[in-house]
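Subject: Handover of a structure and the findings on it

Dear colleague,

Please find the structure below, together with its sequence. The findings follow directly after it.

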Amino acid sequence: MEMQSENRCFEGVQGVYSHTSQSLGCHMTFGLYMPPQAQVQPVPVLWYLSGLTCTHENAMTKAGAQRWAAEQGVAVVFPDTSPRGDDVADDDAYDLGKGAGFYVNATQDPWAPNYRMFDYIADELPALLFNEFPLQQDAQGITGHSMGGHGALTLAMARPEQYASVSAFAPIANPTASDWGRKQLTAYLGADESDWATHDATLMMREKGHPSHILVDQGGADNFLDLLKPEALSQAMAARRQAGTFRMQAGYDHSYFFVASFMEDHIAFHADALYGV
């Protein structure tokens with residue numbers, strides 16, 4: 001692991017690091033905010049997954065998470081959204097290939113050799129961080145925005161023993177029924193739709209849910225509502241009687257102004273759960 005930069009921030013440290021990923025077969029970069037409490041004891045960790053076209057930098061610089069993470073004593077990881085490099089398969093469209101990994105393990109060519117974002121986020125990157133930083137392995141939460149909200153919800157429901165808390169900002173909630181999903185799942189996983197079910201938060205909610213309380217915020221003025229399909233997830237949560245809070249925030253769009261407006265709530269939500277583990 002190589003340190004690219006470290007900056008003092010709210011008495012903690014915002015770092016950017018790079019490493020060679022075995023699961024992705026390329027060099028990767030991520031951000032990690034360590035709160036001041038980590039100077040004296042291991043701290044809980046919150047994984048923040050970003051959306052389409054993003055890198056590790058978007059949420060790290062725009063979400064305002066560091067202030068609230070310092071207050072609550074929670075580390076925040078900002079991974080990249082896809083494998084990177086000249087030898088990594090890509091597409092001319094913004095919503096497939098680099099910047100659009102969808103947090104799945106691809107099985108189809110040309111994506112399969114590198115696009116194993118589920119393994120990278122859930123297994124490889126945690127193993128690296130827990131070996132290098134004072135983080136509590138048994139106190140992990142996960143959140144994300146848009147495609148990252150999709151990833152946060154699906155990873156948490158697939159690995160409830162790993163993620164003690166989960167939240168999402170404007171997630172792609174029902175990708176098997178959306179143009180933000182069907183195209184990508186076909187490309188990465190193939191045409192058999194039965195292979196898509198474990199990567200759809202609405203379908204997973206109907207099937208298994210999550211043992212903890214779930215928090216979802218959605219902007220009421222989001223111009224991508226027809227692609228996100230928040231009503232499908234909300235209905236699935238209600239039908240399952242999932243412990244959770246689904247908030248439609250009037251007037252808010254899909255931007256990081258929306259994310260930053262409710263980041264304090266989400267950090268506090270995760271801190272409450274993770275310090276209770």
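How exposed is Arg 182, in terms of relative accessibility? At 32% relative accessibility, Arg 182 counts as partly exposed; the term buried stands for under 20% relative accessible area, exposed for over 50%, and partly exposed for what lies in between (1.4 Å probe, protein chains only).

Before the remaining findings, a note on their basis. The model is predicted, so local features need pLDDT of at least 70 and side-chain atom pairs count only at pLDDT 80 or more, while totals for chains, interfaces and linings use all residues. Residues are numbered from 1 along each chain as its sequence is written, and side-chain values use heavy atoms, with hydrogens and water left out.

Salt bridges

A search of the whole structure finds eight salt bridges, each being a side-chain nitrogen of Lys or Arg within 4 Å of a carboxyl oxygen of Asp or Glu. Arg 182 takes part in one of them, with Glu 193, at 2.6 Å from N to O. This pair links distant parts of the chain, eleven residues apart: Arg 182 belongs to helix H5, and Glu 193 to the loop between H5 and H6. Helices (H or I, at least four residues) and strands (E, at least two) are DSSP runs, numbered from the N terminus. Glu 193 is also partly exposed, its relative accessible area being 41%.

Asp 95 and Lys 183 form another salt bridge, at 2.7 Å from N to O. Asp 95 lies in the loop between strand S5 (75-78) and helix H3 (117-132) and Lys 183 in helix H5 (residues 182-189), so the pair ties together parts that are 88 residues apart in sequence. Asp 95 is buried, with a relative accessible area of 9%, whereas Lys 183 is partly exposed at 36%.

In the salt bridge between Arg 84 and Asp 80, the closest N and O atoms are 2.9 Å apart. Here Asp 80 is buried, with a relative accessible area of 4%, and Arg 84 is partly exposed, with 24%.

The sheet

Nine strands make up an open sheet with mixed pairing, in the order S1-S2-S3-S5-S4-S6-S7-S8-S9; two strands pair if DSSP finds at least two bridges between them. Its edge strands, S1 (2-9) and S9, each pair on one side only. On average, neighbouring strands of this sheet are turned by 20° against each other, direction ignored. Strands S8 and S9 run parallel and are joined by six bridges. Leu 215 stands opposite Thr 245 in S9.

Helix H9 (residues 256-274) lies across S4, S5, S6, S7, S8 and S9, running at about 175° to S7. Such angles run from 0 to 180 degrees between N-to-C directions, the axes being lines fitted to C-alpha atoms, for helices over the stretch in contact. Helix H8 lies across S8 and S9, at about 150° to S9.

Helix H8

Which residues of H8 are buried? In this helix (residues 230-240), they are Pro 230, Ala 232, Leu 233, Ala 236 and Met 237. They cover an arc of only 160° around the axis, which puts them on the same side of H8; the arc is that of the directions from the helix axis to the C-beta atoms. The face turned away from that side carries the exposed residues Gln 235, Ala 238 and Ala 239. Among the elements that cover the buried residues of H8 are helices H4 (147-158) and H6 (201-207) and strand S8 (214-219), where contact means heavy atoms within 4.5 Å. After H8 comes Arg 241, whose phi is positive, near 60°.

Aromatic pairs

The whole structure holds eleven aromatic pairs. Rings of Phe, Tyr and Trp (its six-membered ring) pair if their centres lie within 6.5 Å; planes under 30 degrees apart count as stacked, over 60 as edge-to-face and the rest as tilted. Tyr 48 and Phe 78 form a tilted pair, 6.2 Å centre to centre with 50° between the planes. Tyr 48 lies in strand S4 and Phe 78 in strand S5, so the pair ties together parts that are 30 residues apart in sequence. Both Tyr 48 and Phe 78 are buried.

Trp 111 and Tyr 188 form an edge-to-face pair, 5.5 Å centre to centre with 90° between the planes. Trp 111 and Tyr 188 are both buried. Finally, ring pairs link Phe 169, Tyr 252, Phe 258 and Phe 262 into a cluster.

With kind regards
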